[in-house]
Amino acid sequence: MTDPADDLIPSVFARDCASRGVMADVTGKWGGLALAALLDGAYRFNALRRRVDGVSEKMLAQTLQALERDGLVRREVQATIPPRVEYSLTPLGERVAAKLKELIELLESEIGPMQAAQEEYDRNVR
């Protein structure tokens, strides 16, 4: 017998859609930056923390756990003394990070007009 849930079409706009939680992990304050940084290659935790300037140890750990749970990040523990842990992207994580990198590049290239719009908005709101 077919499960009726199998017939549902995923929609991030639907309250109970599983994709909404993943979207929140990816687009949260630190998720997108961690994914984009990992697009450059594997990082150890502290190196990634330095790369994603401003993130606390706790927030980065929580972010990486969520992204690992979502199947976007791989955590590899290497049997060394002391143990060495590296984070990298899964194939799906690479696809998601590539899209985020496109967005980041667009935002960086258009920061001048956006700052001008912000300044004009702020002048008109006061």
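User: Which residues form the nonpolar patch on the surface?
Analyst: This is a predicted model, and in it L103, L106, L107, I111 and M114 form a nonpolar patch on the surface. Together they have about 410 Å² of accessible area.

User: Which helices supply it?
Analyst: α5 (91–109) and α6 (111–125) each supply at least two residues of the nonpolar patch. α5 gives the most, with 3 residues.

User: And M114, where is that?
Analyst: M114 lies in helix α6. M114 is partly exposed because its relative accessible area is 30%, and the partly exposed class runs between under 20% for buried and over 50% for exposed.

User: Staying with α5, is A98 buried or partly exposed?
Analyst: A98 sits in helix α5 and is partly exposed, with a relative accessible area of 32%.

User: How far is A98 from G28?
Analyst: Their C-alpha atoms are separated by 16 Å. Along the chain, A98 and G28 are 70 residues apart.

User: Now the inside. Which residues touch the most other members of the largest nonpolar core?
Analyst: That core has 21 residues, and L35, L38, L48, L64, L67, V73 and Y87 touch the most other members. At least two residues of this core come from each of α2 (31–38), α3 (45–51), α4 (57–69), β3 (84–89) and α5. The largest share, 4 residues, comes from α2.

User: What is L64 in contact with?
Analyst: Setting aside neighbours within four places in sequence, L64 is in contact with L38, F45, L48, V73 and Y87.

User: Back to α2. How many of its residues are buried?
Analyst: α2 is mostly covered, with 7 of its 8 residues buried. The buried ones are G31, G32, A34, L35, A36, A37 and L38.

User: T63 next. Where is it, and is it buried or exposed?
Analyst: T63 is in helix α4. T63 counts as buried because its relative accessible area is 10%, and the cut-off for buried is under 20%.

User: What does T63 touch?
Analyst: Apart from neighbours within four places in sequence, T63 is in contact with W30, G31 and A34.

User: How far is T63 from K29?
Analyst: The C-alpha atoms of T63 and K29 are separated by 9.3 Å. The two residues are 34 residues apart along the chain.

User: Switching to charges. How many salt bridges are there?
Analyst: A search of the whole structure finds 3 salt bridges. In R51 and D40, the side chains meet at 3.3 Å, N to O. R51 lies in helix α3 and D40 in the loop between α2 and β1 (43–44), so the pair ties together parts that are 11 residues apart in sequence.

User: How exposed are R51 and D40?
Analyst: R51 is partly exposed, at 47% relative accessible area. D40 is partly exposed too, at 48%.

User: What are the other pairs?
Analyst: E57 and R49 form a salt bridge at 4.0 Å, N to O. E57 is partly exposed at 48% relative accessibility, and R49 is partly exposed at 32%. R84 and E86 form a salt bridge at 3.0 Å, N to O. R84 is partly exposed at 30%, whereas E86 counts as buried at 18%.

User: Which residue is buried yet has no salt bridge?
Analyst: D70 is buried yet has no salt bridge. The nearest side chain of opposite charge belongs to R69, 4.6 Å away.

User: Where does D70 sit, and what does it touch?
Analyst: D70 lies in the loop between α4 and β2 (73–78). Not counting residues up to four places away in sequence, D70 touches V22 and D25.

User: Last one. Which peptide bond is cis?
Analyst: The bond from I81 to P82 is cis, with omega near -10 degrees. P82 is found in the loop between β2 and β3.

Notes
Residues are numbered from 1 along each chain as its sequence is written. This is a predicted model: local features need pLDDT of at least 70, side-chain atom pairs count only at pLDDT 80 or more; totals for chains, interfaces and linings use all residues. Side-chain values use heavy atoms; hydrogens and water are left out. Patches are made of residues with over 30% relative accessible area and no salt bridge: like charges are joined within 9 Å, nonpolar side chains (Val, Leu, Ile, Met, Phe, Trp, Tyr) within 5 Å. Accessible areas come from the Shrake-Rupley method with a 1.4 Å probe; for residues, only the protein chains shown count as cover. Buried means under 20% relative accessible area, exposed over 50%, partly exposed in between (1.4 Å probe, protein chains only). A nonpolar core is a set of buried Ala, Val, Leu, Ile, Met, Phe, Trp, Tyr and Cys residues joined through side-chain atoms within 4.5 Å. Contact means heavy atoms within 4.5 Å. Lys and Arg count as positive and Asp and Glu as negative; His and the chain ends are not counted.
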